[in-house]
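Let's take a walk through this model together, from the overall layout down to single residues. Keep the 3D view open beside you as you read.

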Amino acid sequence: MINLTLLTGPLGSGITSAKYIFEELGYNIVHNPPVESIDSLLDIFLSEKYQNVKTCIIVPVKEAKEVISLIRSNQNINFTFLLLNANKKELMKRYKVSRHIHPFMISRNMSLESSIEEDIKDVSEVQSEADIHIDTSSLSIKQLRQLLLF
């Protein structure tokens with residue numbers, strides 16, 4: 001049996017901070033693997049070499065539903081689906097403060113606001129699947145760390 005956490009959420013919700021926290025906790029991190037590689041990854045993690053390794057797979061929220069289905073179909077995995085989220089106003093603020101560009105602004109030629117709205121829409125499609133749902137809108141990184149020590 002392996003311990004696997006799937007982490008997703010809209011961009012800007014704290015996924016990178018959570019990734020660093022999981023690394024500090026000794027997790028093996030796989031960030032943005034192609035959905036087509038999930039079955040192969042699971043085979044690797046189910047091998048004897050990884051039996052006692054905690055693993056966190058981070059996927060874009062748009063791909064989460066398919067990945068959840070693949071993982072939950074395997075009975076040898078102790079699985080936790082962690083969904084981070086933040087409200088639209090906070091996500092807008094975080095992008096403006098960090099000066100990062102949302103990927104949809106380039107790949108889909110969308111405004112920042114439309115990009116965030118698209119992410120929020122994708123979250124609503126997987127929200128009911130989450131074992132743990134954390135709204136990071138008003139959390140500091142320290143508070144997020146405390147919550148992730150589950």
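In what order do the elements of the chain run from the N terminus on? They follow the pattern β-α-β-α-β-α-β-α-α-α-β-α. What you have on screen is a predicted model, and its secondary structure comes to seven helices and five strands.

Start with the overall dimensions. Along the principal axes, the C-alpha atoms of the chain fill a box of roughly 45 × 30 × 25 Å. For 150 residues, a compact globule would have a radius of gyration near 15 Å, and the chain agrees with this because its value is 15 Å. Of those 150 residues, 42% count as buried.

Now turn to the strands. The five of them form an open sheet with parallel pairing, in the order E2-E3-E1-E4-E5. Strand E2 (28-31) and strand E5 (132-135) stand at the edges; each has a single partner strand, so one side of each is left without a neighbour in the sheet. On average, neighbouring strands of this sheet are turned by 20° against each other, direction ignored.

Is E1 mostly covered or mostly open? It is mostly covered, with six of its seven residues buried. Strand E1 (residues 2-8) pairs with strand E3 (residues 54-58) in the parallel sense over five bridges, and E1 pairs with strand E4 (residues 77-85), also in the parallel sense, over seven bridges.

You can follow these pairings residue by residue. Thr5 has Cys56 as its bridge partner in E3.

Finally, look for the largest pocket, which has a volume of about 710 Å³. It is lined by 30 residues, and the closest to its centre are Leu11, Gly12, Ser13, Gly14 and Ile15. Which helices each supply at least two residues of the lining? They are helix H1 (15-24), helix H3 (61-72), helix H4 (88-98) and helix H7 (141-148). The largest share, six residues, comes from H4.

Definitions and conventions:
Residues numbered from 1 in each chain as written. Predicted model: local features only at pLDDT ≥ 70, side-chain atom pairs only at ≥ 80, totals over all residues. Heavy atoms only, no water. Pairing = 2+ DSSP bridges. Helix = DSSP H or I, 4+ residues; strand = E, 2+ residues; numbered from the N terminus. Axes fitted to C-alpha atoms, helices over the stretch in contact; angles between N-to-C directions. 1 Å grid on protein atoms, 1.4 Å probe; cavity = no way out; pocket = protein on both sides within 12 Å on 5 of 7 lines; lining within 4 Å. Points joined across faces, edges and corners; volume = space filled by probe spheres on them. Rg over C-alpha atoms; globule rule 2.2 N^0.38 Å. Buried < 20%, exposed > 50% of the residue type's maximum accessible area, 1.4 Å probe, protein only.
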